[in-house]
Amino acid sequence: MNSSLLHSAFELPTDHGRSIRADVRWCPADAPRPLVVICHGFKGFKEWGFHPYFGAELAHAGFVAVSVNFSHNGVGADLMSFTDREGFRANTISREAEELERVLDFAHDSNHWLSRLVDTRNIGLIGHSRAGYAVFTVGSRREDVGAIAGLAAVSELNVEPEREK
């Protein structure tokens, strides 16, 4: 396998007038490779912490790694600063799951270069922190997802504060 890392990006529009932003990392190969979609957690983003390094390591291991910024994660146009407070306030866990579905559907779209890189019968999902909910929910209902992993994923969603019980 060639070890030269390639990197590109794409944006997907949402029904909410915002965009899902994603980075794609892969190493050249003669055949489509398994796809791994990496989802950030609460107050996270695709350029935060370990995400870029993790995507690169997965690519060197023979995967096509897609790191996702959900559309309402709070990160502004510079992709590094938490400046979109309005978007962050409007974010929901179910919106993140819907957007992950959108990314997976996009990987199947034969009109886009990404579909030529990936084996869409061999998809894995990785969710950090709160994104564990999205990857386990979406992955459990899709036949094209064969592996799901949570990194410090939430074990339950406590949407009702203790004082209101």
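Helices (H or I, at least four residues) and strands (E, at least two) are DSSP runs, numbered from the N terminus. With that in hand, let us walk through this predicted model, in which local features need pLDDT of at least 70, side-chain atom pairs count only at pLDDT 80 or more, and totals for chains, interfaces and linings use all residues. Residues are numbered from 1 along each chain as its sequence is written, and side-chain values use heavy atoms, leaving out hydrogens and water.

Start with the open sheet: six strands in the order 1-2-4-3-5-6, with mixed pairing (two strands pair if DSSP finds at least two bridges between them). Strand 1 (6-13) and strand 6 (145-151) are at the edges with a single partner strand each, so one side of each has no neighbour in the sheet. On average, neighbouring strands of this sheet are turned by 20 degrees against each other, direction ignored; the axes are lines fitted to C-alpha atoms, for helices over the stretch in contact, and angles run from 0 to 180 degrees between N-to-C directions.

Now look at strand 5 (residues 118-128), which pairs with strand 3 (residues 33-39) in the parallel sense over seven bridges. Here R33 stands opposite V118 in strand 5. Nine of the 11 residues of strand 5 are buried, so this strand is largely enclosed by the rest of the structure (buried means under 20% relative accessible area, with a 1.4 Å probe and protein chains only). Strand 5 also pairs with strand 6, in the parallel sense over six bridges, and H128 stands opposite L151 in strand 6.

Finally, find helix 1 (residues 51-60): this helix lies across strand 2 (19-26), strand 3, strand 4 (64-69), strand 5 and strand 6, and runs at about 170 degrees to strand 3.

Methods. Contact = heavy atoms within 4.5 Å. Buried < 20%, exposed > 50% of the residue type's maximum accessible area, 1.4 Å probe, protein only.
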